[in-house]
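New notebook page, new structure.

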Amino acid sequence: MWSILIADNYPQSCQDYLEKCGFHVVYHPGIDRDELLKISSGFDVIIARISTPIDRDIVYNSNQLKVVASPTAGTNHIDLDACHSRGIKVFSAQGANAQSVAELLFALLFQVNRNIAEAITHVKSYGWNKYEFLGHELFGKTIGICGLGQIGRQIVTLGKAFGMQILTSDPYIKENNEIVNISLHDLFKRSDIVTLHVPLTTETEGFIGRELLESLPKNAIVANLSRGEIINENALNELLAGTRSDLRYLADVVCNEPRPGEKLVAPAYVHYPNTYITPHIGAWTVEAQERAGMIIAKKIHSFYQQTTVV
Ligand SMILES: NC(=O)c1ccc[n+]([C@@H]2O[C@H](COP(=O)([O-])OP(=O)(O)OC[C@H]3O[C@@H](n4cnc5c(N)ncnc54)[C@H](O)[C@@H]3O)[C@@H](O)[C@H]2O)c1
C-alpha cells in the first residue's frame, strides 16, 4: 500500500479517510524544504498546499513518487513540467473553494463600502456616531470579473443577487446570453469594481499593469483574490500612493507570500489607508477545507485502485 506524506495543514476527517483506505499516512504540516527533500524519497504521494512549493528537486528526489496532490484550486506551487516529464500525476481541488472565495470578496466589498470594522471598534470604545460611517450600496454598481472560472461564476451569482451589473473578461470562454464578455481594457474602463480570478501563468504574471489601473474610473475598487504576482506590484504601489489614491485595493494575496506564521515582507501599499488585505484566507473555511481535502483524497484512492489492479 502507498505511503502518503501530508506536508501541510489537512483536515482530520480526510486523513482518517485515507487511513481507512489502507494508506500509510504521515502528517507533517509545516515541514521545511530541507527536511522535505530529505524524507520525501520514501513516499508515493505528497500532499502540499501553496506554502510548500514542490519544486524540481523534490520531484526528482524520489523514484517512488507517483502523485503530487494539492487541496487548492491553483497549482502554481508545483513544478508541473517536472511532474509531467517524470509521469507523476498532479491532483488539485478546483472549484471546491469557489463559494468561500466569492463570499470573502463580498465580505471585503461590504467592509470597504460600509466601514464595518471601524464602526464596530467605535462602539467597543463606547462611541455612537453614525455620521462618521456614511457608506455605499453595492446595488446598481458594475462589477467586472476577470476570469470566469469556478470562482468568477460564483461571483456572477452573488453579484446578481445584490442587484449588480455584471461584466466579464475571459478570452477562453464562449459567450452566451447571460454573459457580457469584453476585453480587459474595456472591463477596466467600465467597472466600478474589477475583481481578478485568473490562474497565475506565464500569460497572467504581471498582466495587470499601470495602464490598466490608470484607466479605472474614479473611486473604483480593484480586488485580487487570485495570486499576488498577477498585478505589477510596483505600479500598484506608486499609483495608490500618488496619482490614483482615490482607488481602493482589496486583496487576499501578495507577491512572495511567506509561509503561515512567518513575518510578511511586503511593499508599502499594505499600510495605505486605501488597501484592505487579508492573509490568504479565501479558501480557509471549514466547509471548503473539508470539500477540497476529500476531493483529493478520493482522487488519490481512485488512482491507486486504477494503477494497482492486476
Ligand atoms: N485566495 C484564495 O484563497 C484562492 C482560493 C482559490 C483560488 N485562488 C486563485 O484563484 C484562481 C482562479 O480560481 P478558479 O477556481 O476560478 O479557477 P478556474 O480555472 O476555474 O478559472 C480560471 C479562469 O481564468 C480564465 N483565464 C485564464 N487566463 C485568462 C486571461 N489571461 N484573462 C482572463 N481570463 C483568463 C480561464 O479561462 C478560467 O475561466 C486560482 O488559479 C487561484 O490562483 C485563490
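I began with a helix pair: α1 and α11 cross in a right-handed way. (I call a crossing left-handed if the near helix is turned anticlockwise from the far one by less than a right angle, and right-handed if clockwise; helices are DSSP runs of H or I of at least four residues, numbered from the N terminus.) I noted that this is a predicted model, where local features need pLDDT of at least 70, side-chain atom pairs count only at pLDDT 80 or more, and totals for chains, interfaces and linings use all residues. My numbering runs from 1 along each chain as its sequence is written.

Which residues make that contact? I found Ser13, Cys14, Tyr17 and Leu18 on α1, and Glu290, Gly293, Met294, Ala297 and Ile300 on α11. (Contact is C-beta atoms, placed from the backbone, within 7 Å.) I sorted this contact into six nonpolar, two polar and one charged residues. (Nonpolar covers Ala, Val, Leu, Ile, Met, Phe, Trp, Tyr, Cys and Pro; charged is Asp, Glu, Lys and Arg; the others, Gly among them, are polar.)

Next I looked up the geometry. α1 (residues 12–20) and α11 (residues 286–308) pack at about 15°, axes 9 Å apart. (Axes are lines fitted to C-alpha atoms, for helices over the stretch in contact, with angles from 0 to 180 degrees between N-to-C directions.) So I put α1 and α11 down as roughly parallel. (That means under 35 degrees; over 145 is roughly antiparallel, 65 to 115 roughly perpendicular, the rest oblique.)

Then I turned to the ligand. Of the 33 residues around it, I listed Gly74, Gly147, Gly149, Pro199 and Gly282 as coming nearest. (Around means a C-beta atom, placed from the backbone, within 6 Å.) α5 (98–114) and α7 (150–161) are the elements giving two or more residues to this shell, and α7 has the largest share, three residues. I counted 15 nonpolar, 14 polar and four charged residues in the shell.

Where does the ligand lie? Domain 1 (3–94 + 286–307) and domain 2 (98–277) both give residues to its shell, so I place the ligand between them. (The bounds come from an automatic or database domain assignment.) I read 31 Å between the domains' C-alpha centres.

Last, I checked α5 against α7: about 50°, axes 8 Å apart. That makes α5 oblique to α7. I sorted the residues of their contact into eight nonpolar, three polar and no charged.

Key
Two residues are in contact if their C-beta atoms, placed from the backbone, lie within 7 Å.
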